[in-house]
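Reader: I would like to go through this structure feature by feature. Please give the general idea each time, then the case at hand.

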Amino acid sequence: MANSKKREQISDGVYVTTIHDKKFNVNTIGIRFISMVDEKKASAYSLVTRVLQMSNSKYTSRTKLTKELARLYGAGISQGVFRLGDCQAFYLGANCVCDRYALENEEITNSVTEILLDCIFSPSLENGIFNKSNFEIIKRELIENINNKINDKRGYAIDKALETVFKNEPAGIPLDGTVEVLEKLTCEEAYEEYKEMLKTSRIEITVSGGGEFEKTVELIKSRFIDLERDFTSIGFISSSPVKEKPAEVNERFDVLQCKMVLAFKTEIKDHEQLKLFSLMFGGLPSSKLFMNVREKLSLCYYCSANNISEKGVMLIDSGVESSNLNKAKDEILIQLDEMANGSFSDEELENAKTAVCSSLRSYNDTASGLATWWLTQLCVLNRDFSPEDAIKKFKSITREDIIEAAKSYKLDTIYIMSGNDKGGAE
Amino acid sequence: MSIEKQTIKSKRLGESYYKIKHPSGLNILVWEMPEFSSVYALFGTKYGSINTKFKTKNDKDFIEVPEGIAHFLEHKLFENEDCDVFELYAKTGASGNAYTSFDQTAYLFSCTENYQESLKILLDFVQAPYFTKETVDKEQGIIGQEIRMCEDTPYRQVFFNLLRCLYVNHPVKIEIAGTVESIAKIDADLLYSCYNTFYNLNNMALAIAGNVKLDEVLAICDEHLKVKENPELETAFPNEPEEVNKEIFVQKMPVGTPLFAIGYKSVPFDGKERVKKELEASVLLNLICGSTSTLYKELYDEGLINSNFYTEVDSGDGFFACVFSGESKSPKEVFKRIKEEIERIKSEGIDSDLFEIIKKAEYGKMISGLNSAEKCATIMFESDLLVGVDAFENIEALASITEKDILDCIDILFDNKKTAISIVESNT
């Protein structure tokens with residue numbers, strides 16, 4: 001394999017993973033502040049990473065910063081929040097083209113890295129806290145974004161289903177927090193949360209791409225080494241109890257197509273076993289759900305299975321005409337029974353293995369894909385497990401393992417978004 | 001069979017690929033990337049939602065077909081006489097898919113092993129249509145659901161409403177999937193007629209990039225491409241006036257902050273001129289209200305736009321539009337300010353420093369646009385099939401753009417008399 005991976009701990013709970021392969025033409029530096037959060041912290045940390053992304057003490061406004069990044073061949077500083085099991089990762093990252101493309105021999109990667117590090121360690125301040133007017137603009141935007149989640153009906157339906165699936169669990173805390181908390185959050189409080197985030201989070205840094213990274217890693221180390229830390233290790237995974245009776249949530253909107261999300265839970269902890277099962281069940285165009293619910297019965301445009309395997313949860317999400325809701329739900333349950341009864345061929349099992357192995361091999365073709373892979377393995381699952389190791393594991397899964405997985409899933413939550421009354425009677 | 005082989009090179013990037021004019025009439029584009037594991041292939045036709053009127057040398061008059069038929073045909077081609085194409089890909093481990101846009105239908109797969117077998121599947125099924133009354137009826141249900149989903153998607157509605165404001169007659173204003181009513185008119189005979197007209201190798205391209213070998217690809221093509229007579233296809237578009245259809249359209253549906261799309265209509269361009277105009281338009285969009293511009297900062301600071309604001313150029317056979325999209329509590333104010341900024345630039349000229357910065361950023365974007373087999377295959381495919389140029393044409397065109405070029409085209413591309421706004425706002 002042409003790519004190389006190196007990992008080191010640079011401070012208490014701070015790790016840098018470097019992935020290099022000269023075939024890549026871009027570089028990505030990703031810094032994740034990982035923490036188990038409640039609603040307050042989820043809101044505050046999400047807002048803080050947005051504030052940090054927009055400026056720093058050298059480029060004090062968003063326009064100045066974007067202009068400098070554009071000058072560095074359209075580099076970007078991005079922000080995001082992701083779930084890692086029970087925790088949330090607050091991400092700040094930079095991406096740029098490799099230095100070999102510079103037209104005037106500029107040092108692109110290290111310049112971009114310095115800008116990113118300045119955003120984190122040397123934000124644009126006023127009277128010792130974030131600039132208040134910037135803070136208010138960004139807060140308003142985050143609130144708007146939360147209110148706009150309904151614009152993407154499919155994503156909204158999944159989010160709402162997950163709130164019920166993980167009710168009263170850390171994994172149920174909404175990404176980006178809540179409007180109620182954000183409205184009350186002051187600039188002073190946010191600045192305190194910023195210091196807390198730097199001090200107490202687990203910090204996972206990835207440097208990946210086609211560049212030479214020795215100097216980049218040194219730059220990163222030099223800034224993190226002096227950071228005051230008060231870190232206690234965090235657990236990423238707890239099992240999610242299945243509800244005695246499936247919870248049902250119905251919401252009505254003025255929509256033409258209903259969205260239905262079914263969530264199932266299992267106590268099985270084997271990620272590869274669960275992943276392979278969900279692929280056979282509803283993750284591939286040759287899967288049971290695609291072939292039956294969509295192709296054979298024409299009930300949906302989409303009906304697919306996704307795994308949150310760390311939490312033993314499988315989601316089936318679909319877009320269905322209201323008159324077909326019950327038919328679609330019944331058919332999904334019938335197909336699950338069919339899997340549990342072993343009504344699938346050895347060929348279907350082999351095909352799913354071939355598909356998953358093919359996609360695992362392609363991890364080596366994107367620097368950011370590899371970075372995400374290693375983050376999940378090394379940090380969340382705490383195992384040094386390469387895509388090649390995963391391929392071996394997938395190949396060893398048997399027919400009985402699939403039947404066992406199918407039998408183990410219990411229905412936990414049904415979420416339905418339906419149209420208003422006039423649409424509902426169609 | 002004798003073949004015509006050309007190496008297309010970019011000195012600037014140190015990259016190259018092969019272009020082969022196959023005796024069957026097909027253009028084959030192959031980018032060998034031996035250090036990668038993946039392979040990505042696209043096989044498709046210059047036939048999309050806008051091609052609703054056409055004739056061949058065998059027809060006396062132009063034929064008009066229902067809206068959404070290109071997309072319907074794409075769905076149906078996945079069904080062979082004896083099996084479903086996904087079942088065949090399932091054996092090779094490839095991930096297959098397809099898409100239809102305004103001016104193309106493309107069938108694709110990605111994989112990391114057995115690419116030769118998957119390539120054979122791709123070439124075979126796209127050349128073997130099989131439509132019956134039963135299979136056509138069944139598809140109407142699935143596509144009906146897809147259309148419903150699009151109708152519930154405000155981002156899509158705001159964009160198509162804009163096109164309906166900008167265009168009076170040109171079929172770019174119709175939904176790619178058609179409507180539930182229009183697809184009800186589709187039957188097996190119509191599908192065969194469209195298939196036989198547009199799925200001719202002279203009107204198609206094959207692009208493949210990644211861990212492949214040119215000789216292997218060509219050997220498979222020689223064996224699997226079916227030579228057919230060139231039907232000498234002609235497509236026709238209704239006359240499109242230079243003026244817009246209407247200046248504003250507002251739709252109500254469940255959304256948070258209102259969405260808007262502001263478009264500027266211009267005359268269309270072809271070939272290398274189209275590549276150049278797309279770039280100039282992109283640079284101008286950035287100068288007017290890109291994230292580095294003064295106007296962007298003002299609108300952002302005043303809370304009139306948020307980070308979801310973006311710009312794009314939409315162009316093809318007979319259409320060319322520059323679009324600003326985003327979310328705003330006051331879309332009409334954003335529209336007014338954009339119009340004013342365009343007039344200001346026209347009278348005061350452009351910021352030279354910003355122009356150079358934007359060019360550099362565009363250059364960086366093009367490089368990162370070549371960082372995977374998928375992106376390399378797509379750019380070869382679309383440049384050749386849709387525009388008739390090489391994949392590196394945009395990099396060359398960018399290097400040669402001057403401030404004068406930008407000033408010369410602003411009147412054509414951004415005419416405040418040929419503009420419209422579409423808004424989607426909450427119904428509660």
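Author: Contacts come first: two residues are in contact if their C-beta atoms, placed from the backbone, lie within 7 Å. By that criterion, 23 residues of domain 1 of chain A are in contact with 26 residues of domain 2 of chain A. This is a predicted model, in which local features need pLDDT of at least 70 and side-chain atom pairs count only at pLDDT 80 or more, while totals for chains, interfaces and linings use all residues. Residues are numbered from 1 along each chain as its sequence is written, and chains are lettered from A and ligands numbered from 1 in the order in which they are written.

Reader: Which elements give two or more residues to the side of domain 1 of chain A that touches domain 2 of chain A?

Author: Helices (H or I, at least four residues) and strands (E, at least two) are DSSP runs, numbered from the N terminus. The elements in question are strands E1 (4-11), E2 (14-20), E3 (26-35) and E8 (202-209) and helix H5 (153-165), of chain A. H5(A) provides the largest share, eight residues.

Reader: How do the residues of that side of domain 1 of chain A divide by class?

Author: Ala, Val, Leu, Ile, Met, Phe, Trp, Tyr, Cys and Pro count as nonpolar, Asp, Glu, Lys and Arg as charged, and the others, Gly among them, as polar. The side of domain 1 of chain A that touches domain 2 of chain A has nine nonpolar, eight polar and six charged residues.

Reader: How many residues of chain A are in contact with chain B?

Author: The contact criterion carries over. 48 residues of chain A are in contact with 53 residues of chain B. On the chain A side, helices H2 (62-71), H4 (132-147) and H12 (346-361) and strand E11 (300-308) each supply at least two residues. The classes there are 18 nonpolar, 17 polar and 13 charged.

Reader: How many helices and strands are there in chain A, and what does its C-alpha trace span along its principal axes?

Author: Chain A has 16 helices and 13 strands. Its C-alpha trace spans about 60 × 50 × 45 Å along the principal axes.
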